[in-house]
Amino acid sequence: MDERRRELTINAVLALGLLAAPLVALAVDEPFYVTLATRVTLLALAGVGLNLALGLGGMVSFGHAAYFGLGGYVAGILAHHAFNGTPVLLGLPGTDQMIVIWVVAMVLAGLLAAVIGALSLRTSGIFFIMITLAFAQMLYYFMLSWPAYGGEDGLPIFLRNGIPGLDTMRPWDMFVISYGVLLAALALFAMLRGARFGAALMAIRQNPDRAAAVGIAPFGVKLAAFAASGMITGLAGALMADLNGFVSPAMMAWQTSGELIVICILGGVGRLFGPVAGAAILVGFETVFGGLTQHWQLFLGLVLLLVVLFARGGLIGLIAGRQRHG
Amino acid sequence: MSLSLLVEQLLNGVQFGLMLFLMAAGLTLVFGVMGLINLAHGSLYMIGAFVCAVVAGWLGSFWLGLVAGLAAAAAAGAIIEVVVIRRLYARDHLDQVLATFALILILSEGVRIIFGPFPLYLSVPDLLNGTVSLGIVDYSLYRLALIGVGLLTALGLWLLIARTRLGIRIRAGESDREMIAALGVNIRALYTVVFALGAALAGMAGALVGAIQSVQVGMGEPVLILAFVVIVIGGIGSIKGAMVGALLVGVIDTMGRFLLPRAFGLFLDPSQAMDVGAALASMLIYILMALVLILRPRGLFPANG
Amino acid sequence: MAEPVLELSGVSKSFGALAAADNVALTLMPGEIHALIGPNGAGKSTLMALISGRHTPDAGTIRFAGRDITGLSVARRARLGLGRTFQVSSLIPEYTALRNVMLALQARQGHPYRFVRPVRRDRSLTGPAHDLLARVGLAGRAGVPSETLSHGERRLLELAVALALAPKAFLLDEPMAGLGADGARTLTAFLDGLRAEAPILLVEHDMDAVFALADRVSVLASGQVIATGTVDEIRADPQVRRAYLGDGEEA
């Protein structure tokens with residue numbers, strides 16, 4: 001099918017372009033752009049998580065900042081205790097090992113998403129949007145008013161957490177780690193979408209009554225997808241905190257949730273590489289227009305409004321045409 | 001802890017709740033009649049506050065500022081409805097969320113461009129400055145006036161919806177959109193009016209609250225999200241639910257922040273009690289929301305059965 | 001006498017003051033086509049919703065395949081073998097005809113929590129799905145998204161999806177609706193053969209089809225079953241003529 005091939009081409013261009021950008025930056029000795037590419041990669045990763053719930057499952061979560069921020073705080077808090085040599089909880093020590101942090105971040109974010117999902121999925125539509133937003137705001141205010149880990153000042157990560165055999169302080173190494181995780185998440189997304197689970201999930205998004213009538217109970221499938229979605233976004237948060245060397249309640253703020261949705265939409269909702277395209281557009285927009293005017297968000301708002309009103313398929317939709325399930 | 005302090009906090013909670021009601025009423029009307037989720041409702045609150053602060057500063061009159069803020073928010077609402085919102089009624093919720101999120105970005109930056117990046121301050125009008133004795137407590141006259149205004153507005157809104165032709169059309173719109181078209185009501189105009197009415201309520205809340213908080217970009221969204229909590233608790237599309245939900249949220253939030261640190265102080269050392277109490281208090285209303293969701297997923301007063 | 005496959009006893013459901021189902025008793029026996037007729041607003045849709053599990057009755061029990069299903073969800077009932085079609089075609093719009101059938105097949109084979117193997121290359125789904133499409137005459141339309149199928153094709157696809165569940169009973173909600181005379185004739189012949197596979201509870205306005213197919217007919221009026229019997233008995237029943245067939249001739 002022609003459209004399918006065109007989308008595959010776009011995906012390859014995006015994957016290779018994202019890899020090539022920091023290489024070029026290194027070649028011309030501009031390490032800032034390596035870090036910028038890492039930022040795109042990690043926002044894309046967070047977007048892949050949201051895309052699972054939003055794109056495949058049709059669950060409009062306006063609260064994914066909660067999982068993103070939770071992942072960030074896992075990285076920050078574990079590193080904080082490892083740095084100070086104090087136990088985290090019940091004698092358990094902190095750690096400065098990224099892989100341990102990722103596992104903890106994914107487990108906790110998955111659990112949080114399962115709880116919030118189980119409550120929010122009792123409703124649908126506009127209620128679901130407001131409730132996910134409200135629960136994320138609850139976590140935001142909790143971190144803001146709980147002073148143990150910095151409260152509104154946030155928590156610095158003095159030494160970036162490590163992985164044996166890699167020097168995570170080098171921008172290129174950090175990029176490679178992030179890029180590898182993103183590719184793994186994309187592979188997971190593609191696998192889930194193609195499997196029976198994905199078939200059920202996408203069917204439920206389009207017609208929950210029909211799915212139930214053939215014997216697929218919507219609630220459990222949606223909840224599983226929502227929890228997995230939170231896990232991936234939580235993992236992205238842990239990496240982002242390490243990249244920034246800092247975590248603060250702002251990671252959990254509603255603007256972050258909005259940005260994650262924007263990333264999914266700008267690229268093309270439900271598309272495998274949609275979040276990659278969306279993150280690249282958003283960061284590119286911020287970098288280019290942010291350099292020209294401090295009011296760049298005004299233009300972002302206008303572009304977004306135009307996309308919503310007139311270009312529903314996002315970037316990949318514009319180029320590859322409508323999505324099909326053959 | 002004295003009784004007078006307790007009563008004062010309770011009144012603060014009621015006052016806060018009534019301001020939330022002004023926000024939630026507009027949101028729930030717009031949802032009930034047009035089926036639209038409007039994230040930019042907080043921006044209208046902000047516009048009301050900014051215009052009120054600036055006009056009050058120019059003319060030296062809070063009251064003229066208030067009228068201007070209300071009018072500006074209503075006008076902004078009408079313009080936004082005609083230019084953008086109108087195209088969203090037939091769209092799904094995701095599009096509505098995105099487009100109104102985009103509106104937040106545009107309006108926030110717009111306000112920053114017009115009014116500058118710094119917070120503005122609006123002082124309480126002389127007439128309402130000072131305190132008034134309520135027997136057990138000396139209470140801020142201005143806050144007491146806010147309670148009065150909130151109650152009067154609620155009453156006015158109820159009369160409007162229950163007793164006027166506009167209200168009949170609004171109620172008809174909530175139950176059956178095709179029917180009111182068949183009745184020959186100009187739906188487009190009705191929608192614009194309803195949206196502007198909601199905007200005016202939000203602008204009024206912003207202007208009134210502006211005198212006890214700083215007026216700044218981003219002031220609307222935290223209130224907007226609280227108004228969402230109010231609607232989830234009260235039941236979407238229901239004015240009565242908005243009122244009950246708003247009072248619950250206002251009072252529980254205020255009293256929680258006041259009482260919880262003190263309660264923990266009974267068995268924890270003071271600084272720890274403050275920390276734990278404050279952190280838990282910030283979550284109280286969301287826990288309330290979760291409970292309502294478990295027990296009554298459609299809210300306490302679901303509209304339309 | 002054999003056990004009924006589906007049995008409703010004392011089933012009632014009210015919406016406010018309106019009794020949409022009032023103490024309904026109904027059975028579906030093995031091998032039969034049992035038609036449910038009645039004027040608009042008689043409560044046929046409510047009854048279908050109660051049987052499929054979309055609504056829960058206020059009173060009464062529904063038994064299916066030897067067990068009480070009164071409190072079960074739509075999905076559970078479907079997995080127990082209740083295969084239904086919708087009055088207005090209700091398919092997965094972006095999925096091709098083939099994938100619509102595959103979805104039903106995968107649900108019948110077990111839970112949806114399988115995360116690895118791609119369905120597109122799953123012979124246990126694609127093979128039977130192609131067969132079922134061929135059986136309803138849609139072999140050439142397998143790759144077409146269901147939203148772009150014609151109305152008649154969607155009705156047939158609904159049937160293929162129901163067949164994919166290999167149900168113990170079919171619940172068909174106006175399968176003839178919107179079909180031309182030719183389409184209705186073909187479908188009538190198809191349903192005639194289908195009863196050997198599993199009994200059919202048929203809600204239908206097309207009286208030619210009902211009289212051609214039904215072993216038994218139940219007449220619903222104001223939420224009550226006012227008569228049950230063979231086609232001839234129903235035709236002769238004065239109460240039915242008054243309540244329903246008199247209107248029916250005008251329509």
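1. Confidence in chain C. In this predicted model, chain C has a mean pLDDT of 89, and 96% of its residues reach 70 or more. The exception to note is the stretch 247-251 of chain C, over which the pLDDT is below 50. Beyond near neighbours in sequence, residues 247-251 of chain C have two contacts in the model. Where pLDDT is low, predicted coordinates should not be read in detail. For the complex, the predictor gives an ipTM of 0.89 and a pTM of 0.91.

2. Arrangement of the chains. Two pairs of chains are in contact, and of these chains A and B share the most contacts. Chain B and chain C, by comparison, do not touch. The nearest C-alpha atoms of chain B and chain C are 10 Å apart.

3. The contact of chain A with chain B. Chain A contributes 36 residues to this contact, and chain B likewise contributes 36 residues. On the chain A side, the elements that give two or more residues are helix H5 (125-145), helix H10 (254-267) and helix H12 (296-310). The largest share, 14 residues, comes from H5(A). By residue type, the side of chain A that touches chain B divides into 27 nonpolar, eight polar and one charged.

4. The contact of chain A with chain C. Here 24 residues of chain A are in contact with 33 residues of chain C. Four helices of chain A each supply at least two residues to this side: H6 (171-194), H7 (196-206), H8 (208-213) and H9 (218-244). H7(A) provides the largest share, namely six residues. The side of chain A that touches chain C consists of 14 nonpolar, six polar and four charged residues.

5. Domains of chain C. The domain assignment divides chain C into domain 1 (1-81 + 169-251) and domain 2 (92-166). Taken over C-alpha atoms, the centres of domain 1 and domain 2 of chain C are separated by 26 Å. Seven residues of domain 1 of chain C are in contact with six residues of domain 2 of chain C. The domain 1 side of this contact comprises four nonpolar and three polar residues, with no charged residue.

6. The four-stranded sheet of chain C. An open sheet with antiparallel pairing has the strand order E2-E1-E4-E5 in chain C. Its edge strands are E2 (18-28) and E5 (67-68) of chain C, each of which pairs on one side only. Strand E4 (residues 59-64) of chain C is joined to E5(C) by two bridges, and these strands run antiparallel. Within this pairing, Phe64(C) has Arg67(C) in E5(C) as its bridge partner.

7. The buried residues in H1(C) include Lys44(C), Thr46(C), Leu47(C), Met48(C), Leu50(C) and Ile51(C). Just after H1(C), Gly53(C) takes a positive phi of about 105°.

8. A parallel pair in chain C. Strand E6 (residues 82-85) of chain C is covered on both faces. Leu82(C) and Arg84(C) lie on one side of E6(C), Gly83(C) and Thr85(C) on the other, and all are buried. E6(C) is joined by four bridges to strand E7 (residues 169-173) of chain C, and the two run parallel. Opposite Thr85(C) stands Leu172(C) in E7(C).

9. A hairpin in chain C. Strand E9 (residues 216-221) and strand E10 (residues 224-229) of chain C run antiparallel and are joined by five bridges. Val219(C) stands opposite Ala227(C) in E10(C). The hairpin of E9(C) and E10(C) has two residues between the strands, and Ser222(C) takes a positive phi near 50° there.

10. Ala236 of chain C. This residue lies in helix H8 (residues 231-236) of chain C. Ala236(C) counts as exposed because it has 11 C-beta neighbours inside 10 Å, and the cut-off for exposed is 12 or fewer. Ala236(C) and Thr148(C) are 88 residues apart along the chain, and their C-alpha atoms are separated by 44 Å.

Definitions and conventions
Residues are numbered from 1 along each chain as its sequence is written. Chains are lettered from A and ligands numbered from 1 in the order in which they are written. This is a predicted model: local features need pLDDT of at least 70, side-chain atom pairs count only at pLDDT 80 or more; totals for chains, interfaces and linings use all residues. Ala, Val, Leu, Ile, Met, Phe, Trp, Tyr, Cys and Pro count as nonpolar, Asp, Glu, Lys and Arg as charged, and the others, Gly among them, as polar. Domain bounds come from an automatic or database domain assignment. Two strands pair if DSSP finds at least two bridges between them. pLDDT is the predictor's confidence in each residue, from 0 to 100. A residue is buried if 20 or more other C-beta atoms lie within 10 Å of its own, exposed if 12 or fewer, and partly exposed in between; C-beta atoms are placed from the backbone.
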